[in-house]
Amino acid sequence: MFRWILGGRESQSSVEKSPVLCIGEEQPKNCFTELQVLKGHFDIVRFLVQIDDFRCASAGDDGLVLVWNIETGEKLQELRGHSQQITAITTFTCNNEVTSHCCLITASSDRSLSLWDPDTGNRVQTVSDLQSSVKCLLVLERLCVWVSGGAELCVWNKDFQLQCDRQEHSDTGITALIELPKNCIAAAMDKEIMIYRFTVSTDSSVSVAMIRCLSDHHDQIRALINVSDGLFASGSHAGELILWDAIDWNNLAYEHILWEESQTSTQTEIRMGAPKPSEMSIQHLTTNGKLILAAVGNGLYVYDVGRKTVVAYRKAAHDSNVLHTMLLSDSELMSCSEDGSVRMWEIQDLPLPAEPASAGFFGMWTFGRSNKQSASQTKRVMELSNMRTLELTGDLIGHSGAVQMFISFGENGLVTCSTDTLLILWKDGERQSRLRSLVLFQKLEENSGL
């Protein structure tokens, strides 16, 4: 049982695993040695959101929203109301004259929006009979409004009253939304990023106007994230990573990620080539402000924001497409995949290639090798000296289906969700053992057992 949990299980797909990625049972840097399976859903679980330090909500294709205590694994609330799959979920701070607490906004394929109180499980507000399904949600706390995106862009106030809307003529509609400075937002729509500006009038009504269209991408935009107060980034199906100025919306850096297998090294070379579209599509982006981590096909790609260059990569990080990523620090990260695994990585220095046989005394003579070839070799060595690699430090295998995403609660653990309808709560085994011992000693002291 323990061997299966820690990576001794065979690969779920027919793709042969690279030997370097079979980490086995000895994983000294992997603290997640305990797990608890959380059951409650009966279809694919696609979304997880953190409510507070000890609670999260899960949602998926069964239309249910479940609230969990991540300390105990207890299901606290079951939010029923949607008749079809959940398409988006986010947290929303509800304020009254006395207190404020966290609520949940959900969107569904049944063309409705709902506001939930996770403390009581009650549905506080609902809007139905929308023109189309909502694909993404964004809360603008500063303006006391929230935005829904899909075939139309709608702006709502805290009482679920529609403030304004814009019909968007696109086959894909709006697929992602992020907040920008100066009362602006960015919306991903097919190959373009639309910049909208909000205006609040004296009677507190809100209007929205499209003021800029960014069309630097050549394929559908798959990911859109804030990097810092002054930067945001986008990634496309064609492997394009673009870094943008969040104030004037200029293109600051453009990186085209095209993988091609190196003929001389076990590490993969980043260069222009002709890979399959699925191998270079950016499925997910995450950042800590200094680095951007991109899920590219079944690989991982780490981009340094300050240097505007690649600092580490791993082409075959998983056996199937990577769906979600997280930067734990400047040197540690996590990823999950369609192959059912969650993996922990560490950025390490990449060994330089061996010196060519023609170096040294005989290297003074070309013996048929052109100066151009020699210069190319030197350039390649210089490039590799600035490159680092991703080394596998932990392999969490517990799901039998694709792991859709995960959220970290720090020392309290990690929660994953999957197409197998399950959530898994991963815990630090040593910490849990200490906590159980502490509880035992406290009970003994109370009963005068010591």
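# Briefing: a predicted chain with 34 strands

Of the 450 residues in the protein chain, 50% count as buried (buried is under 20% relative accessible area, exposed is over 50%, and partly exposed lies in between, with a 1.4 Å probe and protein chains only). The chain has four helices and 34 strands (DSSP runs numbered from the N terminus, with helices as H or I of at least four residues and strands as E of at least two). This is a predicted model, in which local features need pLDDT of at least 70, side-chain atom pairs count only at pLDDT 80 or more, and totals for chains, interfaces and linings use all residues. Residues are numbered from 1 along each chain as its sequence is written, and side-chain values use heavy atoms, with hydrogens and water left out.

**Confidence and contacts**

- The mean pLDDT of the protein chain is 84, and 80% of its residues reach 70 or more; pLDDT is the predictor's confidence in each residue, from 0 to 100.
- Over residues 1-20 the pLDDT stays under 50, and the model has 37 contacts for them beyond four places in sequence (a contact means heavy atoms within 4.5 Å).
- Residues 372-384 also have pLDDT below 50, with nine contacts in the model beyond near neighbours in sequence.
- Among contacts in the protein chain with a separation of 6 or more, 49% are between residues 24 or more positions apart.

**Largest pocket**

- The largest pocket holds about 1800 Å³ of space. A pocket is an open set of points on a 1 Å grid over the protein atoms alone, where a 1.4 Å probe fits, with protein on both sides within 12 Å along at least five of seven lines. Grid points are joined across faces, edges and corners, and the volume is the space filled by probe spheres set on the points.
- Its lining has 37 residues, and those nearest the pocket centre are Phe47, Thr175, His284, His324 and Met405; lining residues have an atom within 4 Å of a point.
- Strands that each supply at least two lining residues include strand 2 (45-50), strand 14 (174-180), strand 24 (282-287), strand 28 (322-327) and strand 32 (403-408).
- The lining comprises 20 nonpolar, 14 polar and three charged residues. Nonpolar covers Ala, Val, Leu, Ile, Met, Phe, Trp, Tyr, Cys and Pro; charged covers Asp, Glu, Lys and Arg; the others, Gly among them, are polar.

**Cysteines**

- The structure has zero disulfides (a disulfide is a pair of cysteine sulfur atoms within 2.5 Å).
- Cys184 is buried, at 2% relative accessible area, whereas Cys31 is partly exposed, at 31%.

**Loop residues**

- Lys182 lies in the loop between strand 14 and strand 15 (184-189). Its phi is positive, near 60 degrees, in a residue other than glycine, and Lys182 counts as exposed because its relative accessibility is 56%.
- Lys308, in the loop between strand 26 (299-304) and strand 27 (309-314), is not a glycine but has a positive phi of about 55 degrees. At 39% relative accessibility, Lys308 is partly exposed.
- His237 sits in the loop between strand 19 (231-236) and strand 20 (240-245) and is partly exposed at 26% relative accessibility. His237 and Met280 are 43 residues apart in sequence, with 7.1 Å from C-alpha to C-alpha.
- Gly410 belongs to the loop between strand 32 and strand 33 (414-418) and is partly exposed at 49% relative accessibility. Between the C-alpha atoms of Gly410 and Asp53, 357 residues apart along the chain, the separation is 9.2 Å.
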